[in-house]
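Dear colleague,

I am passing a structure on to you with this message, and below it you will find my notes on what turned up in it. Please read them with the model open beside you.

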Amino acid sequence: MQFLPGSLVLASIIATSTILAGASAATAQPTKAASGPVVPGFARFHADGKADLATGGRLLFGELHCARCHTDATSAKDIKSAPILDGIGSRVKHGYLEKFITDPHGAKSGTKMPNLLAGLDDAERKATATALTHFLASTGTPSQARPDRKGIAEGRDLYSKVGCVACHGTRDTKGDADKLFPTNVPLGDLKEKYSLVSLRSFLENPHDTRPSGRMPGLLTIKESNDVANYLLQGSVPGLSATNMKYSYYEGAFKNVPDFAKLKPVSMGETTDFDISVAKRGSDWAIKFDGYLKIEKDGKYTFSTTSDDGSILSIDGKVVVNNDGVHPPATKNGGVKLTKGMHKLTVGFFNGGGGVELKAEIEGGGLAKQNLGPFVYVTEKTEVPVATGDKKDAPFTVDAALAAKGKTLFGTIGCANCHQMGKEKMQLETLALDQLKGDGDGGCLSAKPKKGVPSFGFAANQVAALKAALAKPFPNPKDETPASLVKQRMTALNCYACHERDKVGGPEDDLNKFFLTVQPEMGDEGRLPPSLNGVGAKLNHAYLKKVVEQGSHDRPYMHTRMPKFANHAQSLVEAYMAIDTPEKAPKVALSETITKTKFAARHMVGPTAFGCTKCHTFAGQKAEGVQGIDLAILTQRLQHDWFYNYMLNPTKYRPGTRMPASFPDGKTLLTKVLDGKADTQIEAIWVYLADGKAATPPTGLDKKSIPLVPVAEAIIYRNFIKGVGNVNYSRAIGVGFPERAHYVFDANDITLAMIWQGAFMDAKRHWTDRGVGFEPPLGENIVQLPTGVSFYVLGSNDEAWTAKPAKDIGYKFLGYRLTDDSRPTFNYSFNGIKIEDTPNAVESKGSPTIVRTFTLSTENPIDKLYYRAAVGNKIEADAKAGWYRVNDMRIRIEAEGQPIIRQSGKGMELLVPIRFKGNTAKLVQEYAW
Amino acid sequence: MRYLLSLAVIVAAFLMSGSSADAQKKKAGEPKPTESEDTYYKLQTLPIPEGEVLEGGALEMLPDGKIAFGTRRGEIWIVENGLTDDPKNAKFTRFAHGMHEILGLAYNPKDGWLYVTQRCDVTRIKDSKGKGRADIFEVVTDGWEVNGDYHEYAFGSRFDKQGNIWITLCLTGSFNSNSKYRGWAGKVTPDGKWVPTTSGVRSPGGVGFNADDEVFYTDNQGPWNGTCGLKHLTVGGFVGHPGGFKWYDAPEAKYLGAAPLVPKTKSRIMTEAKRIPQFTPTAILFPYGKMGQSAAGIECDLSAGKFGPFEKQLFVGDQTHSTIMRVSLEKVNGRYQGACYPFRQGFSCGIVPARFAPDGSLFVGGTSRGWGSRGGKPFALERLVWTGKVPFEIHEMKAEPDGFTLTFTKPVDPKTAGDVASYKVETYTYIYQADYGSPEVDRTMPSIDKITVAPDNKSVRIQLSKLEEGHIHQLAAPGVRSEEGSQLLHNIAYYTLNYIPERK
């Protein structure tokens with residue numbers, strides 16, 4: 001079988017040419033949609049004319065609500081409904097309403113809404129559209145909300161990852177349409193259509209106004225807000241992006257001051273506790289004031305993380321007291337709040353040093369998250385659509401026009417498809433069995449008569465509809481589960497994401513937008529699962545729940561299963577009816593339930609089958625990939641499917657990375673239970689059936705591995721985190737019994753960081769794959785200057801080099817160890833061999849590091865310097881040989897007299913190297 | 001669509017393999033396999049000292065029957081008395097610590113140093129004071145770089161006959177090349193020079209030599225690797241993943257000239273090999289899930305019969321399945337290709353290094369940390385010893401212009417061996433693509449036109465209706481019996497037919 005199917009190539013060529021043909025037609029007739037109304041299932045499976053024409057026609061007939069007008073005794077019940085228009089005025093801007101009614105295909109190419117005014121002359125069309133607009137707009141005015149800048153980025157991320165793209169194509173950084181593939185449902189100009197509030201509400205629960213269920217729900221409340229902010233960015237004029245007031249004060253504060261007694265240096269509005277309004281580095285304070293919007297009564301926990309102190313108050317009461325001078329510290333406080341707006345104040349001050357402020361909220365159904373987006377400048381959070389843009393200007397409903405529109409709504413046919421109050425359908429039409437499909441001036445003709453809806457059909461759609469009408473529609477009662485599965489998956493566009501029976505799955509164009517957080521899981525981690533045999537795999541209740549409520553049980557996959565509410569119920573039942581599981585044998589347990597579970601717990605754990613190596617267990621992380629959680633396994637799967645899957649994973653999930661734990665159907669654990677695969681699989685099922693209540697397998701809770709030097713030094717070569725953004729990928733960590741330790745960086749070829757107390761925790765690197773940089777376990781961490789330690793300076797004011805050691809001829813040669821494993825590092829530079837022995841030494845108070853150098857060379861050179869320290873401030877100490885560098889004291893023992901010099905904004909301590917014969921000696925002590 | 005078709009192929013494959021198993025079952029009254037792998041190759045587990053965590057990273061043989069065991073935690077342990085019948089005699093002593101994820105050890109008898117490949121360099125170490133612990137650590141080369149990504153592993157070989165150590169460098173995150181020479185292989189010459197030789201490496205699992213001292217490494221399923229494979233490393237070659245092409249401009253690699261053409265995605269290895277002269281097609285593809293899922297250490301049996309009848313064949317570990325696979329290679333059209341066979345399963349955990357001891361026993365080091373494996377032990381040091389009994393096995397599957405020749409370890413029963421119904425042949429290959437992995441695709445089911453059993457009953461010539469260039473030819477021989485009437489211990493072989501031999 002050849003890999004690239006010719007039919008696919010052909011299909012895409014045909015699809016492309018259809019578009020091109022459509023495009024040229026569109027130029028001549030701007031109101032006509034390029035490809036006709038977009039029905040994804042038709043565009044994908046019927047556009048090439050190869051599939052059964054009548055099936056495609058019946059699909060269109062259903063998806064375009066044809067049966068709302070052309071009723072038929074058998075099909076009337078399960079008819080797709082067009083959007084509910086009750087309260088439409090509070091959801092869609094009036095400008096868009098008018099534009100859309102006047103020319104649906106022009107306003108939104110590919111829309112399924114027919115043009116009901118196509119046959120009217122311009123004046124009549126305008127008058128009709130205006131009247132209808134007044135009628136619809138009389139139901140309300142869209143509210144507007146403050147744009148959430150942070151939401152834009154998150155919304156963009158969500159749109160691109162969770163599944164929106166599969167049905168609606170890609171959108172650019174501004175939220176506008178980017179690539180729209182032939183099977184994608186166009187969104188039209190969202191910025192013209194929606195306000196932030198109305199789009200957010202729609203995304204929260206699309207089924208409220210779209211009862212057909214074609215648009216499934218996918219987003220939480222917060223995510224709906226983010227996506228709405230992304231899609232509508234820049235379209236909310238006249239509204240400030242700020243959400244709180246600030247007052248800025250200066251003074252040498254040791255605590256959050258009593259602001260009432262102070263006069264602010266400046267005041268204004270800002271966003272999300274932004275402390276960059278401060279005008280200097282230290283000795284200042286800010287008070288943030290705003291209103292906190294609480295959606296639900298409940299107990300909330302607030303926290304601040306600040307350096308230095310902060311106090312968070314709600315309704316005048318202190319909730320979080322994180323006051324005082326301190327490095328970054330987090331404090332929490334709880335409070336019961338009722339739904340509504342609450343006065344919020346956060347006071348913060350910075351004495352000196354580091355500066356940081358973060359405020360968070362948790363509770364009332366909210367996961368811990370930034371507090372900023374919940375805060376508003378005033379008590380009023382939502383304001384009517386602002387002025388500034390004519391489209392958004394407040395709309396005055398003319399009662400007479402609205403009344404006229406109300407009449408038209410019924411007579412021209414709007415009410416045939418749309419629910420709107422009690423409006424009744426009044427447009428009379430032919431019944432289904434009277435339709436011939438070839439009537440001149442009918443829906444299918446190129447130019448429908450006055451009063452007949454114009455759908456702007458493409459030629460292939462007309463052909464398909466005609467074919468469908470040429471014979472009687474099948475009675476739904478005669479539908480088999482297999483044909484129902486296909487029909488529903490096509491209509492609901494399940495095929496955009498899922499394959500079943502070799503049909504569907506992500507299209508080539510869209511495949512790359514299905515992403516994973518774990519690329520090494522391959523397609524399995526990226527693409528929604530095949531639905532082959534899904535009715536035999538998943539439990540009925542679970543499958544129903546997933547379809548109705550959506551799910552995200554595969555945390556590694558960005559795409560989520562959206563919720564279809566009750567719209568896919570028949571599909572679930574059909575799956576259950578046709579997918580029959582292979583039977584598993586009845587297995588009797590060989591031991592008591594308690595012993596069986598105990599054995600299974602062992603089997604699932606890392607020292608047996610190692611399921612928890614790749615699967616989370618009740619939320620506890622796995623070592624490598626984070627596969628689907630084991631604690632929900634028995635909720636999800638059917639027992640018999642699980643049995644068969646365990647014996648042969650790739651048979652049921654082709655290409656899975658899940659290794660077969662029972663090669664040739666035999667267990668490798670011959671001593672567990674009765675040593676039989678059947679019993680062991682059954683035992684695992686019984687154990688996992690306890691779900692989250694099951695005692696987790698051992699080894700999940702990774703313990704610290706502190707490295708404690710006792711009698712000798714410990715060397716730890718690994719990825720070690722430095723201070724700030726500095727990391728050492730070629731670190732040689734050395735820990736000493738004296739409890740002073742260091743990192744020697746083999747890239748910079750110098751001592752890089754020193755600290756005291758505990759040495760290192762090896763857990764990060766030694767309990768799983770070893771991802772990331774681990775900081776020292778101890779305290780008083782001091783980062784030493786980055787870059788090489790020895791360099792030749794032409795003159796006293798030549799800057800120290802910033803070049804990497806390797807690039808200026810340094811060579812790291814390795815190290816030798818004393819009997820108690822203390823290293824001496826060897827490296828060379830400029831023909832000089834350098835021996836560098838940093839060693840921990842007991843000292844009064846705290847241990848010091850004493851670094852002894854021996855340099856040897858055949859050709860001693862002048863102007864070689866050692867850079868002993870870099871700091872904001874360096875000065876000689878009263879005690880001879882000692883210097884103060886920031887908070888550290890340094891002792892230098894050398895032939896040459898050390899030089900303190902300015903370097904950029906800071907200072908450097910340089911030691912000229914004086915050779916005696918072929919060698920030079922140098923000692924530096926770090927006391928801190 | 002692509003995905004669908006592939007699924008279909010796989011589903012079909014399962015249906016087919018299922019029916020062959022059924023056919024097997026139906027033949028009642030036939031002798032069952034009387035013996036297990038254990039009858040022929042005994043597995044010993046060496047007792048790692050209580051409280052120590054020795055996750056297998058590298059193995060090397062030292063003088064006097066001592067074994068050096070390098071670990072992922074950066075230690076090197078010396079094992080004494082490891083070659084006796086009772087593994088309890090083994091004595092473990094820590095020789096060094098504080099190195100970074102050791103994945104290569106090479107002992108140089110000329111200078112007495114132990115050369116250690118760790119993430120960032122090759123360092124040679126020595127016990128200069130005779131205290132049983134290394135006290136000198138000398139950097140031999142640090143010609144490549146690490147950026148702190150855990151996937152940037154460095155695997156090192158032992159010495160080849162010219163005194164080179166061969167290094168394979170995993171890509172950053174196993175996808176990109178963000179540090180110098182990531183996604184390359186190269187050699188460290190006897191004078192300590194780093195010479196990058198070959199681009200195209202993705203995520204290696206081991207590096208070793210065949211009987212002719214040619215260097216091979218294993219690479220793992222992922223982008224540009226439809227499944228795991230054994231690949232031949234040559235100077236100037238390209239082995240599949242174009243991620244590291246930028247380093248052709250780096251000083252050490254300039255001698256190789258311009259980078260090869262970038263392969264086209266969603267192609268086939270042999271299609272691209274014809275287009276890209278530097279591309280060395282994967283010598284052995286290990287069918288994913290069938291032969292393993294993470295190919296690792298490579299060793300060649302040069303024991304002159306001490307390890308049984310497979311002299312000069314390669315033995316390759318698998319980290320997921322905790323197995324040792326067997327490989328036979330031949331040169332066709334100037335390139336290595338050949339077949340792989342199941343050999344021994346049941347190790348305590350995922351295998352990374354493998355090394356033959358002078359007595360012909362095979363040592364393997366195990367680890368399951370971060371990548372789950374069969375066996376259930378977190379780490380292990382194990383030894384596989386031939387019992388002296390010869391298993392009835394397909395000794396070698398060799399390509400012919402119109403089919404294959406199978407040789408066996410024991411004389412066959414000419415009746416069953418000459419019966420078309422005793423065999424089942426199918427072929428398939430993998431998509432060569434930038435996406436992760438591949439399903440089995442392009443399946444064919446050639447028919448067997450003719451079978452000729454050699455007069456000595458030690459080999460069988462199979463002529464097929466059609467050979468497929470670039471495909472794995474999966475040959476099962478469930479019906480073949482030995483002269484004594486026993487079944488094959490493993491009745492399947494997978495030949496990677498990159499090139500079809502020309503008719504002479």
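Glu548(A) has a relative accessibility of 23% and therefore counts as partly exposed, the classes being buried under 20% relative accessible area, exposed over 50% and partly exposed in between, with a 1.4 Å probe and protein chains only. This is a predicted model, in which local features need pLDDT of at least 70 and side-chain atom pairs count only at pLDDT 80 or more, while totals for chains, interfaces and linings use all residues. Residues are numbered from 1 along each chain as its sequence is written, chains are lettered from A and ligands numbered from 1 in the order in which they are written, and side-chain values use heavy atoms, with hydrogens and water left out.

Glu548(A) forms a salt bridge with Lys544(A), their closest N and O atoms lying 3.4 Å apart; the term stands for a side-chain nitrogen of Lys or Arg within 4 Å of a carboxyl oxygen of Asp or Glu. Because the two are four residues apart in helix α19 (residues 540-549) of chain A, about one helical turn separates them; helices here are DSSP runs of H or I with at least four residues, strands are runs of E with at least two, and both are numbered from the N terminus. Lys544(A), at 29% relative accessibility, is likewise partly exposed.

By this rule, 70 salt bridges are counted over all chains. One of them joins Lys191(A) to Asp176(A), with 3.1 Å between the closest N and O atoms. Lys191(A) lies in helix α10 (residues 190-193) of chain A and Asp176(A) in the loop between α9 (164-168) and α10, so the pair ties together parts that are 15 residues apart in sequence. Lys191(A) is buried, at 16% relative accessibility, whereas Asp176(A) is partly exposed, at 29%.

Turning to chain B, there is an open sheet of four strands in the order β2-β3-β4-β5, with antiparallel pairing, where two strands pair if DSSP finds at least two bridges between them. Strands β2 (56-61) and β5 (91-96) of chain B stand at the edges with a single partner strand each, so one side of each is left without a neighbour in the sheet. Within chain B, four bridges join strand β3 (residues 67-71) to strand β4 (residues 76-80), and these two run antiparallel. Phe69(B) has Trp77(B) as its bridge partner in β4(B).
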